[in-house]
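This report describes the fold of a single protein chain, from its overall architecture to selected residues. The sequence and the structure are shown first.

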Amino acid sequence: MRHMSPDSKEQYVHEVFENIAPKYDMMNDLISFGRHKAWRKFTMAKMNMPPGAAAIDLCCGTCDWTISMAETSGGKITGLDFSEHMLEYGRRKIKERRLEHTITLVQGNAMELPFADDSFDYATIGFGLRNVPDLRQVLREMKRVVKPGGMVVCLEASKPTWQPFKGIYYFYFQKVLPMLGKLVANRYEQYKWLPESLMQFPGREELAQIFRETGLTKVEAYPLTGGVAALHLGTKETHHV
């Protein structure tokens, strides 16, 4: 699996998420030690969304972040994911909160966004960037679809650097988590994917540099919960006349 081509990685990840959709929210609690809601709250504070702001949420999964943005801004929010099964669960949550008129869900590919340049105030991706075939291509697409002055935001699992926490965390991720995946979601192989995808993913400073190389400015990177997750924000430059 470590030597997958981009196409086979895409297909494998699609199958993983189609299969784990029913238990996805519960597994997120286990993966993040129950911290993912607090991380999202911190992210929303840093984004500082004004009323009416439009956003696209890539790899939106079951739409928790999509819903947070809709409730915060009241503007038009688009959720995009390649897993129709995930979107089905998202639709249920959106209906429960009566946000159908605010949120539009699209089945699509984060590598080729079906939207015009300069369409959104924010482009976000939560726990999805490590699963895409080419993270630089996805960041380029996010930058393309936000308006000048708009923000690209990534909340993602990261690599803790502090010992002994680092050792405990990797043991948890590589040994304990796949067993929990088997117990909770009956999916050992799919949850083995998570630590493997993280091993290949850039660290916090490296990802901040990739944001800059993509042409984003005012790049900020924040470690969360000892570095097990990280928030990255970057701004698309305004056009100079």
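The chain has nine helices and seven strands, where helices (H or I, at least four residues) and strands (E, at least two) are DSSP runs, numbered from the N terminus. The model is a predicted one, in which local features need pLDDT of at least 70 and side-chain atom pairs count only at pLDDT 80 or more, whereas totals for chains, interfaces and linings use all residues. Residues are numbered from 1 along each chain as its sequence is written, and side-chain values use heavy atoms, with hydrogens and water left out.

Of the 241 residues of the chain, 50% count as buried; buried means under 20% relative accessible area, exposed over 50%, and partly exposed in between (1.4 Å probe, protein chains only). The accessible surface comes to about 11500 Å², and 52% of this belongs to carbon and sulfur atoms. These areas come from the Shrake-Rupley method with a 1.4 Å probe, and for residues only the protein chains shown count as cover. Among the contacts in the chain with a separation of 6 or more, 72% are accounted for by residues 24 or more positions apart. Contact here means heavy atoms within 4.5 Å.

## The sheet

The seven strands form an open sheet with the order E3-E2-E1-E4-E5-E7-E6 and mixed pairing. Its edge strands are E3 (103-107) and E6 (217-224), each of which pairs on one side only. From one strand to the next, the twist averages 15 degrees. Two strands are taken to pair if DSSP finds at least two bridges between them. Strands of a sheet pair through backbone hydrogen bonds, either parallel or antiparallel.

Strands E1 and E2 pair in the parallel sense over four bridges, and Asp57 stands opposite Gly79 in E2. Strand E4 (residues 120-126) and strand E5 (residues 146-157) also run parallel and are joined by six bridges; here Ile125 stands opposite Cys154 in E5.

Strand E2 (residues 77-81) is mostly covered, with five of its five residues buried. In a regular strand the side chains alternate between the two faces of the sheet. From E2, Ile77, Gly79 and Asp81 point one way, while Thr78 and Leu80 point the other way.

## Helices

Helix H6 (residues 135-145) lies across strand E1 (55-58), E4 and E5, and runs at about 145 degrees to E5. The axes of H6 and helix H9 (residues 204-213) come within 10 Å and cross at roughly 50 degrees. H6 is therefore oblique to H9. Axes are lines fitted to C-alpha atoms, for helices over the stretch in contact, and angles run from 0 to 180 degrees between N-to-C directions. Angles under 35 degrees count as roughly parallel, over 145 as roughly antiparallel, 65 to 115 as roughly perpendicular and the rest as oblique.

The crossing of H6 and H9 is right-handed; a crossing is left-handed if the near helix is turned anticlockwise from the far one by less than a right angle, and right-handed if clockwise. Leu135, Arg136 and Leu139 of H6 make the contact with Leu207, Ile210, Phe211 and Glu213 of H9.

Seven of the ten residues of helix H4 (residues 64-73) are buried, so this helix is largely enclosed by the rest of the structure. The buried residues are Trp65, Thr66, Ile67, Ser68, Met69, Ala70 and Ser73. Gly74, whose phi is positive, near 70 degrees, follows H4.

## Selected residues

| Residue | Relative accessible area | Class |
|---|---|---|
| Cys63 | 0% | buried |
| Ser158 | 4% | buried |
| Glu196 | 13% | buried |
| Lys218 | 65% | exposed |

Cys63 lies in the loop between E1 and H4, and its phi is near 80 degrees, a positive value in a residue other than glycine. Lys218 is found in strand E6 and has a positive phi of about 50 degrees although it is not a glycine.

Ser158 belongs to the loop between E5 and helix H7 (165-185). Leaving aside residues up to four places away in sequence, Ser158 touches Tyr169, Leu198, Arg204, Gly227, Val228, Ala229 and Ala230.

Glu196 is found in helix H8 (residues 188-199). The C-alpha atoms of Glu196 and Gln174 are separated by 8.1 Å, the two residues being 22 residues apart along the chain.
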